Each structure stands twice: as structure tokens, then as C-alpha cells.
Amino acid sequence: MSLLFLRRPKPLFVSSSPSQATFFSPTLTYLLLRSFHATGNMSESEKKNLTEEELERKKKKDDKAREKELKKLKALEKAKLAELKAKEAKDGTSTSKKSIKKSSKRDASEENPEDFVDPETPLGERKRLSSQMAKQYSPAAVEKSWYAWWEKSGFFKADVKSSKPPFVMLLPPPNVTGALHIGHALTSAIEDTIIRWKRMSGYNALWVPGVDHAGIATQVRVEKNLKERGLTRHDVGREEFLNEVWKWKNQSGGTILTQLRRLGASLDWSRECFTMDEQRSKAVTEAFVRLYKEGLIYRDIRLVNWDCNLRTAISDDEVEHIDIKERTLLQVPGYEKPVEFGLLTSFAYPLEGGLGEVVVATTRVETMLGDTAIAIHPDDARYEHLHGKFAVHPFNGRKLPIICDGKVVDRSFGTGCVKITPAHDHNDCEVGKRHNLEFINIFTDDGKINTNGGSEFTGMPRFAAREAVVEALKKQDLYRGAKNNEMRLGLCQRSSDVIEPMIKPQWYVNCSKIGKEALDVAITDENKKLEFIPKQYTAEWRRWLENIRDWCISRQLWWGHRIPAWYVTLEEDQLKEIDHDVLDTWFSSGLFPLSVLGWPDETEDFKAFYPTSVLETGHDILFFWVARMVMMTMKLGGEVPFSKVYLHPMVRDAHGRKMSKSLGNVIDPLEVINGETLEGLHERLEKGNLDPRELVVAKEGQVKDYPNGIPECGTDALRFALVAYTAQSDKINLDILRVVGYRQWCNKLWNAVRFAMMRLGDDYTPPQTLSPETMPFSCQWILSVLNKAISKTVESLNAFEFSDAANTVYAWWQYQFCDVYIEAIKPYFAGDNPAFASERAHAQHTLWVSLETGLRLLHPLMPFVTEELWQRLPSPKDYERKASIMLCDYPSAIENWTNEKAETEMDTVLATVKCLRALRAELLEKQKNERLSAFALCKNDSASDTVKAHELEIRTLANLSSLEVVLKGEHAAPPGSVETVNENLKVYLKADRAISTEAEREKIRNKSDELEKQKEKLQKMMSVSGYEEKVPANVKEDNATKLAKILQEFDFFEKENARLLAETGKQQMEQKK
């Protein structure tokens, strides 16, 4: 297929030969040009970032999209021609081919396709917009160029010298190893909504970006890189390894911060920080020293959670527990074969002196190599004769004392004898301390048996030793069998390795006092300085902090903040050696509210912006991060670091499942923004590390959920969807189709502004003030409901009800502005009717004010499309226009816009229109656009006056040819299909066919049934015990009014039913005659 573009106003044809060419109209020519032009929208720098294979794949995708678009446009053109022919046939007119050709030429000469395409904008400059708005919304085109201009212009930067009240938030620092995932997108969408709203509301708004050094994750990443070169970190040494990490960080780290820009995150990049940079390292050292001097940091030899794969201790909070019901095989890092869990193995210990044996049971039989005692209950009569006796270890001859301990032994469980391994079990450790037992460590740091375990087992990996110990027990006839056993297994969150309790010297923070202080500021009414949203997390806060244990802060890693402690050795001279361990990553993150603002130095930022205002984060790190920040910063900074904590839900897939690579349901935000084919989704899976079976399952999941891939949705639609989802408690079941729906809604916004721009004209100048009282009814109404939307949105944002805020803005734009107002004012612009000159001018002013205000209202939620549309709006004369919409004031309610009367009357208008549309749907099956006559039967003068006053709006919105208002009692009910608007108003639609009275009675029966349900529900509520005493007077009054109205409608429908019944009888009598 070849494409030929003709410069002169001639038709465009698409064909391999002119004889078979298909000709298109100028509109179609423009759309094609735009489609083809869009393929060149990728900048050179973007192209360089793609591999040759990716470029080829993109080219194929673009070709396919163009072909699809071409087919769509051809079908559209064909439909338009058919519509034109049908109209000509109906009107009895015909248009010659010659006149069509002349018209096409004239249109083509008037409309230059290039006018609809944005010129290229140099990086960092204000976006250059096309002279004409494109006829369709394109996320890629709209979201291009704005962010670089915002950032370069300094719009995100907070001014330390500003007199405005400060509002400060911290971005929860993503890991330096991280890439953007849907959780980051949710965090960014919510926080950017808050900060843009506050910035527009007159605050000196600061949103600080930072990156966490992610000790374990980063070390693992760089060790993997070394492994590909055949090296380990021990081969290169600590200093060179750290050089490798910094090199990797500078080259590849922080990718996520670049990706956050795609989401429109208006972060103050001039204050960007890294938890391992110089200032943050200074803060860590200062905090450690201060806490150590106060006795809150100490060193002790304790049993810790040891990760044999990572070779480091981890805190209790970094251990995930899984429940195992019975014998289960699990894959453990470092083992080729799955490992057996969920078995209780019994074996015998021979007693000293030939007194027989005692049988014990364990789920970790390999730990018997470190047993140093056997415990029995002091009151267990079965073993009274063993008090003070010894058992003998079968592999090394070690004497194991039989000890009495009523705390650890349950006489009814198993044999009533318990093996004690103080160095490898938390309960046994306490027993060992009580009875002064020997602590024998049998594992090396990488989980192999050491020399304490005996020469027969030395060097064996722990789970290989498990099998070897069982075989050795069998050889000595001491094995007594194994059975299924329900158990909880601890796994490291990072590595999925099975946790091994080990005795190690570690550094700890004493959390008892600082934990109580952090608890009190959230739950004590007289001292309450910290609020959790939603409130349910206050109970979670209490549960964590009332049961807090000391925090193990040392890690046996090389990457991280080295513990600032030195050990002195006196030999010939005094030698100092710094501690080899590093601090837990959460230690530096816990200082974030202080350190990002320059603490421990008294910086200008610290004085201006501390404490911060709001913390927004996921509820899954309430203790990991939030509690530690509060504890540490209260101690070191003297104040609660923020007054409110908003905890957002966790994102699941549309089916409520946790996102997992093995299920293929992980949603990459960039794939939603840019769109991705099913083949592209599969390709991402193939590049992962899934085993072949998991890959098949994952691909099947993608085929089921995304049979046609993911459509291009853009950033604005994704952000809006995520914010709108926040009402879903603690989990968000994200359905991509909902995001697609909001992308289509962006197109509706686009077209609304296009409509307005055409109605305003090139020479339009907006007013600086409005006088609603002089305006047409529809203009008064739209300003009044806009006022309500503004108040509700601000109220919702203040209450952290982001979903309500999003839905309020959406509802105003969609259901009031687009669906009603734009349609209602169209008659004012139909030709240049002088009768509507005043209304037309008022409608123009109201259009502009509604759009300008509505865009500012929406901006925090959808920054890109609102900026682009706002920039296209004209400005009032002698008015200093702000450079960007984000610098404008956020809308606030204007007193003289509120008009309850207009809203009440429009409710009646819209209810009337709804009934008339329902009648149309019943009467007109195929000719749905046919305009019919209607009647409005009014019960009283008030209803009659309302309908007469707004006849134009009703006719326009209901697509009527005429509307006649008749008053009950003075006029007979007109013939036609009837629909009841309310007790005072019925509407009739005149149709050229008989009306079924039985069908009308069926409608009344259905409505009566619905009213009956409402009545029962209301009466049940009003009859509840204590209703009169406990329910507020205004609520009781509202309920009484509702019930009276329902009963009134019941009475009306009974009378209407009786009338129809009489009419049916009359018709039957006439038929008999």
C-alpha cells in the first residue's frame, strides 16, 4: 500500500494503483495525516533508549494501529455518506457530484491538517500548541512536554522565605533498586493530588523526594552482577565491593524517580536526597551516638532471626510466617530439591546407666546436634525417677541433664519430654537461661553444620543434615517414626529463605519507653497529636506498640551505614577497629522527616518546614516505617514528625488476588499509560525468571484478563482511576477496564472544550465578574451546581476522602456540564437568531467560567489534560494570567452563585426529560431520533408555571417537536403513552400507534411495588427501639417527610390505576357494540 499526499486541496487516495483508489473527505484526510504524524512523535532521545528489536516491534505496532484506524475511518466515511443520502431522500433534495466535489475542495482549502498537530517543543520550554484543537483526545500528545516545562520553571519548588503557611509531605523513599509498580503509582497519584491542591490553596507546599539505599536488595543485585563475572564480594574485598555498588547506583539506581515524572509527580527535585548521601549519613551517625549515650542503643548476645542465604540477621517484622497443615515440600534458596516440612519426627535418647530411654519429638531433627538438655514437667509422675539423671547424646556422648521445667513442658503433648536446644530455638533459649545450660551453635553463617555438630555431619547444608541425622538415628535403632504436624514456618520477606534462630552479638534499640511515647500521642485524648486515617489503624498502632520488643538494628552486610562503634585492642600499641556490621535500612528511613530537612544542622529548611504536615503511605509499613519514624523523631527532634497519617489500600488484581509474577497479573503502570499488546505482555513474562510451568500459568492469566492487550490509557486516566478506587477499604481490586473508561471520559472533556471554543469564537473576551441573577435559567443552574461541587470536593479533600472528591468532580463534568448544560444551550447558538442574542452572550460567559473553574477543580487529579485545555482558554481583558494552571487558586464557593430555586426547578426539568426519554425508548424502536410532540398534564398552577418557564430546556433535552402544557381539571387528559414525573406532573408522548392501557397498568404496578419496599424500609427504621430519643430531630423530620411523600404517591398511583381500569372497561364495551 502506498500513501500519496497532495499539497493542493485535492482528495487523498490510498491504493497501490490510482485506478483502484479510494477517495476520502478533508476530515478523513486530516485524521489520516494526524495518525501518520503521531508515529513520529517519539523524540530522538526516546528512540535511543529502545533496542533495535523494540523499535521494530513498535514499528509493527504502529503499522497495525494505522491500518486499524484506516478501516475505522473508511467505515465512518461510508456511514456519513449513507446518512447524507438518507437525509437527501427524506428532504427530497439531491446534491450533484459536482457540487460535492466543490464543497470538498472548499472545506479542504479552509482546513489545513497541520493546524491540528502540535509543533515540536524544545525540552524544558512551554509546550507549543497547535492552532486548532485536535478532533480527538490523544494521551501521548497531550501529556508530552508539560512536565519538563513545569520542572524547569521551578513550579514545584517551595520557597523557604515564603510568608505562606507551610504544608510538607515526604515521598516514602522507594528502593534504589526499584522500578515503578502499581503501588508506587497509587502513592504518587494520592500524594500529588494532595500537594497540587494545597499549592493551589495558598500553601507554601513542599513535597520532598528521596531514595532508600535498600541494604539487602542492593547488595544482592550487585553480588549477582559480580557472579556473572565469576566473582564474589569476598573475592574483591569490602572496599572494592562498595565501589562497585556506588558505580551501579550512579549508573542504574534511581530509575524510579525518572518514572515518577511520567506520573506527573510535582516533587521538589531541588531537595532530592539519598539515604546514603553525606547529609543523611551525618544524621545517622548523630542519631546513633545520641541514642547510645542515653542508653537506648546497646549491644547484646541474643538469639536472632538469621537468614542463611543473605548471611545476616533480620528483625522480627521482616519475617513472614506461613501455615503448614501437613507434610509439604517447599523450594528453599540454595537447594536443588524441595525440602520437607510439616513432619514431627520422634527419636529416643538412651539414659545414662542403662535406665532405658526417653522419647522426644521435633520438627527440626537436625538441631538435636546442638541439644544440651531434656526437659520434663516437675509434676509428671511418669518421670519422677529421672529427676537429676542424664541422657547420653548418641553421636558425641555428651551428657544431657534431665531438667524440670513447668513453663516449657506440656504433659499432655507427645511423650511429655522436650529436647532443649538453647542456641537454636527461642523458647529453648529462655529455658537455657533459667537453668544455666550450655549454648552450642551448630551452624555456620551460610547454614552448614559446623564442627560442633560432629565430624560425621560437618559441612552439610542444614536440610541435607536433616536427612542424614534421620538415617544415623535409624542405624542406631533410635528412630521412632514421623507423622504429619501442623506448624508455622518463618520465611525472610526479602529472600524467602527459611529463618534459622542463631545466637549472635547484635545491636539493639530499647523500644519500651520511646514506644510508649509514640503510643500515647495517638491514643491519649489530652495528649493526642497524631491522627490515623482511616481510624481503624489506631487499634493496629496500639496492638503493635503495646507488644513492642527491642529492635535489632545491626545487619551483617557490607552495603549500608557502618555502625559507628570501634573496638580497642591493646597489644604493642592501641589498635582501633570499626564494627563490621551495618545498620538496618529502616534506621536511616526512620530519621527521614528530620534528615531530609538538614538535621542535625539547624538549616533554614529545618526551621521553616519541620515538623511536616501529613504522611501518606501503605498500611503494610505502619510498623516498619511509620512507628519507627515517630519513635525516633520524637526522641531526637522533640516533636511528632507529622500530625496526620493517611494509609492507602493495597492494590490487587480485578479478581481480588495479590499481584504475583507467577500468576501473570502484575500490572506495570507504564504498560497502562502507553498501552501494550498481548504479545508484549507475554514477552515481559518471558524475560523474567519464572520456571516453565509458572510461565504457562502466567500467560494463561494474561490471555484471560487482557485478550486484546492493554489499551493506551495515559497518565491522567490511570491517576484518576487509582484515586477513585481508594474508597475500597484496605484493598483495591484494580480493573483496567475502569481505567479505560476514564480515558474515554478524558475524550469527553476534550470535546466539551472544543465545543466551547467553537461557540466562544476567536474574538471572545471573558468577563472578570458574573451577575447570575440576569442570566438564563440553565446558566444560573450550572453555576449553582458548580458551587456545590466545589464545596463538596474541598470538604472531601479536607477529610482525606479522595474517592468522594474524584466522584464529585466527575459527576459535575459528566452529568451536569456535558450531559445537561452543553445540550441545553445549543438553541442559543443555532444560527444567529437575534431573539437569543442576550442568552447567547450569557451562555458564552457561563461556558468560559464553568470550563475555567471546572478545570482548576479537576487539576490536582488530572494535571496534564487540565493544563493543556486551560492553556487554550482565553483570558479576561487587563488580567494578568498565571503561567500555569497549577499556580492558580483552587476554586472556592461564590455566595451569589448558589440558587436553590434554579436547582429545584432543574430537578423537575430533568425528571420530566427522563420520563419522556423512557417513553421514547418504549415507543420508538428503530426511529429513535424522530422528534415527537408531548403534553405535560399539571395538577396545579405551580407545576404548570415551572414547565412553561422551562419549555425550551425540556424540548431541547428530550428532543421534542413541541410541548403543550395542560392543567388538570381545565383540560382532559390527552391521548398518548403516559409517564408520571411526580404527584403533580405527568407527561404524555404522542405516537402514531395505539397505547396499551394494560402496559400502562403494569408500569404502575412496578412503581407501586418499589414504593412499597421504600415504605417498609422507612417504617422499619422509624419503629426501632429508641428512635424517638436517640435520632436527631432534623433526621426524624426528613424521614417523616419522605414517608408522607411515599404515601401521597401511593394515593396518586391508585387513582391512576382506577382511571386506566375504567378506560379499559370503556374500550371493551365499545368493542362489544
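A word on terms before the first stop: helix axes here are lines fitted to C-alpha atoms over the stretch in contact, and angles run from 0 to 180 degrees between N-to-C directions. Please also keep in mind that this is a predicted model.

**Stop 1: a helix pair.** Select residues 777-798, which is helix α26, together with residues 837-858, helix α28. Their axes come within 10 Å and cross at roughly 10°. Angles under 35 degrees count as roughly parallel, so α26 and α28 are roughly parallel to each other. Now show side chains: α26 brings Cys779, Ile782, Leu783, Leu786, Ala789, Ile790 and Thr793 to the contact, and α28 brings His842, Ala843, Thr846, Val849, Ser850, Thr853 and Leu857. Colour them by class and you will find 9 nonpolar, 5 polar and no charged residues.

**Stop 2: the core.** Next, pick Phe817 and Trp813, the residues with the most contacts inside the largest nonpolar core, which has 155 residues. Around Phe817, look for Ala752, Ile782, Trp812, Ile822, Leu847, Ser850 and Leu851, which it touches.

**Stop 3: a sheet.** Finally, find the open sheet of 4 strands, ordered β9-β8-β21-β23 with antiparallel pairing. Its edges are β9 (312-314) and β23 (551-552), each pairing on one side only. Zoom in on β21 (residues 500-509), which pairs with β23 over 2 bridges. Which residue of β23 is the bridge partner of Tyr508? Select Cys552 to see it.

Notes: Residues numbered from 1 in each chain as written. Predicted model: local features only at pLDDT ≥ 70, side-chain atom pairs only at ≥ 80, totals over all residues. Heavy atoms only, no water. Parallel < 35°, antiparallel > 145°, perpendicular 65-115°, else oblique. Contact = heavy atoms within 4.5 Å. Nonpolar A, V, L, I, M, F, W, Y, C, P; charged D, E, K, R; others polar. Pairing = 2+ DSSP bridges. Core = buried A, V, L, I, M, F, W, Y, C linked by side-chain atoms within 4.5 Å. Buried < 20%, exposed > 50% of the residue type's maximum accessible area, 1.4 Å probe, protein only. Lists of a residue's contacts leave out its neighbours within four places in sequence.
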